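Here is a short report on selected features of one protein model. It goes from a strand to a surface patch and then to charged pairs.

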Amino acid sequence: MKGMHLKGGLVVCICLVVVSATLRAQAPVVYFGDSTRYDAGRRYIVTGTVIQSEDKVPLAGVALYVDGLKFGKNSDQYGRYFIELPPGNYRFVVRYLGKAHIVRQLYIFANGVLNFEMTEKPEALEELVISARRVDENINEVVTGIAKLNITEIRRMPAFLGEVDVLKSLQTLPGVANVGEGSSGFNVRGGRVDQNLVLMDEGQIFNSSHALGLLSNFNPDVVEDFTLYKGNMPAQYGGRSSSVLTVRTRSGDMSKEKVKGGIGLMSSRLAIEGPLIKDKLSYLVGTRFSYSDWLLKTVANTDIRNSRASFYDVNLNVEYRPNTTHTLTGTFYNGYDRFRYSKDFGYRYSTMLGTLKWKVILGEQWSASTSLVVGDYASTLYDLDPSNARALNNGIQYHQFKQNFLFAKGEKHAVNLGGEAVLYRGKPETSRPYGDNSTTVPVTVQKDKGREFAIYANEEWAISSRFSVAAGLRYSLFQYVGPDTVHTYQTGVPKSERTITGSEFHSGSGAIATHHGPEPRLSFRLGLNPNQSLKASYNRLRQYIHLISNGTAPTPVDIWQVSNTFLMPQVADNYSLGYFRNANSNMYETSIEAFYKLTRNVIDYKDFAQLLLNRHIETELLQGNGKSYGIELYAKKNTGTWTGWVSYTWSRAFVQMNGAAVEERINNGDWYAASYDKPHNLSFTTNRKIGKNIRFGLNYTYSTGRPISASIASYQSGSVSVPIYSDRNVYRIPAYTRFDVSLTFNEVFKKIDDSLTISLYNVLGRKNAYSIFYQRTDTGTIPVAYKLSVLGSILPSVTYNFNF
């Protein structure tokens, strides 16, 4: 029996050797150099790029493993890798989540270039979300308060107007809110809308919304992924005091033509891409356009029936890869909106953005990127009163240059360092007659210009498997520049036109006022075990450009104003602490985060401030202190029949204006609720796959109503009724709540990659309040409150999506 066991073991060993040899023989063989002529004491470099076979998009985080040596590398953010090995025979294994692995047999006797194209796994993986990030990244990521989603994930959410949306999806995450339907932008951790830096391919977006906030500027067929930094902001980003949203658009397919899009009841979209020179030069053109006027005409309300609303946007991306170490990318974006409310007023606003980016691999661990950006935002408000009809125009332009160097040593050490410069030019505010019968007198008010400079260094270092740290320092400097006229005011009294004592004209483009200071950034992670971690961070942020608006919700015609002699930069200190835990092999993600923020030089406005066409706008502005704090809860299910997430945020945001004079105080100098203070925010998003080709999605949102100042009484002054208002923001509008559902049918037609999405927005038909306004009655002196709703009914949509 013992002999039989020995023979059996020998047979098994022989079989294993044969199988191993067979597998090695089947792997494609690659030779670099000549095995008879090489330097035995030298190490040779193998480098290349890993891309997706389907669209030639570089893959970051791909594992390249040298079998038998217990050694490997990961591809960087550009899909590049470098491996240094002594001469010899090696077996390369390339692996990536959701992709079929690649095996190559390498004979290395010289430096060489080896590129890989990875394809989808042939077997179907139920409920797998293919993502460039690790499934346990929320545990191991050193940065706090970071939110990442890709288009695959948000496509499973209920669609509004037939398409998924970047900003709508962000507002389902903890710490992110919105003033209400019909308002543009978003609020992060008790911050103002203008405190968010929104970047699309590194270009600043000043108004991120279409249709007065109902949709974002970002075409889902063009967006690759997006990341929101709401806790720790890496030092390579700056200029805002609350958060950074980076949106990355994708490049066109390098190998074949593709067309995708959607046709809906109120809007449609189309994207075309392909190679101009195969594997070298590609293009991508995407557009969206709406035609919703017909829907407005079906509404019973006469004012709504006489209203008009439409938008369009265009993306153009061109990428050139002359070799494996250089990539040149050019992008262009143009968005346009038009809105008219009956015969009362209207808006028109547009965004143009052009970027040029050059990425180069400098060595095994060094890479660099250089970007040039040109941006333009323009808006017009139409006052349609026949006798005083006018068009008020304003906007802002900027030119930006940024140079970044990246040092990456595996996954454990990464350093970003560089600098950037931005030139801001406020467009003149103008008022022009609108129509032949208008008696409006033309007016022009020049706006300020400024230059912002910054240098930075940021390091992320995994000191051990349990402890990681991210530390950075940014030093920023801002110059308010001429030519311009600067007024001087009487000291010891509030600024007004009556207290102007003189003025000085500064010719040329020299600096009139300068603001500067350091911005330290620090974040660390302590791993408790492979499934749990603690994180904490501190950030100081400086903001030199501000959105001037005396409305509760931002509007397209609000003014972007640079810091100057009188308007100081906002300076924020952000603190964050979080506990993160995953369970069941990362099927479930959970977290709890607390934050606290103190801000100096927060802007608010005097009562009844006149902000448009004001040559002395500093006389209407107040600056004081702000504070916000809160707790965020988050739970997400990544895989299974049901997937989705639930988030809850409890937070408060307060402002204090306590100037030396009574006129420079609000609410007697006490702390009061900010206009965007919404203590409770709850969001629940889930989806379920039904059978092979049907997916059901549901979304629920609840939030506390925002603060308002109410008219509480009135008195008669002759024939004029004068309202008496409460203190600033002591009342609230009703709470906001909404249900959305969607049903998506895949493979509507055979042999076509298509789908049909049917969605219902605001299923309960709730008339959520956007604002409260007051009207007098014939029987009393106290005005009666009325509620204004933007979308007060169910909004259905049907969209056919295609991809071929």
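Side chains alternate along strand β3 (residues 63–66). Leu 64 and Val 66 point to one face and are buried, where buried means under 20% relative accessible area, exposed over 50%, and partly exposed in between (1.4 Å probe, protein chains only). Strands here are DSSP runs of E with at least two residues; helices are runs of H or I with at least four, and both are numbered from the N terminus.

β3 pairs with strand β6 (residues 88–95) in the antiparallel sense, over four bridges. Pairing requires at least two DSSP bridges between two strands. Val 66 has Phe 92 as its bridge partner in β6.

This is a predicted model: local features need pLDDT of at least 70, side-chain atom pairs count only at pLDDT 80 or more, and totals for chains, interfaces and linings use all residues. Residues are numbered from 1 along each chain as its sequence is written, and side-chain values use heavy atoms, with hydrogens and water left out.

Next, the surface. A nonpolar patch of about 680 Å² is made by Ile 263, Leu 265, Phe 289, Tyr 291, Trp 294, Tyr 312, Ile 758 and Val 798. Trp 294 lies in helix α5 (residues 293–296). Trp 294 is partly exposed, because its relative accessible area is 41%.

Now the charged pairs. Side chains of opposite charge can pair when their charged atoms come close. A salt bridge is a side-chain nitrogen of Lys or Arg within 4 Å of a carboxyl oxygen of Asp or Glu. The count comes to 22 salt bridges. Three of them are listed here.

| Pair | N to O distance |
|---|---|
| Glu 593 and Arg 189 | 3.4 Å |
| Arg 728 and Asp 604 | 3.1 Å |
| Arg 738 and Asp 740 | 2.8 Å |

Arg 728 sits in the loop between β46 and β47, and Asp 604 in strand β38, 124 residues apart. Arg 728 is buried at 15% relative accessible area, and Asp 604 is buried at 13%. In the pair of Arg 738 and Asp 740, Arg 738 is buried at 10% and Asp 740 at 5%. Both Glu 593 and Arg 189 are buried. A network of salt bridges links Arg 189, Lys 230, Glu 593 and Glu 632.

Technical notes: Patch = residues over 30% accessible without salt bridge, like charges linked within 9 Å, V, L, I, M, F, W, Y side chains within 5 Å. Areas by Shrake-Rupley, 256 points an atom, 1.4 Å probe, with all protein chains shown as cover.
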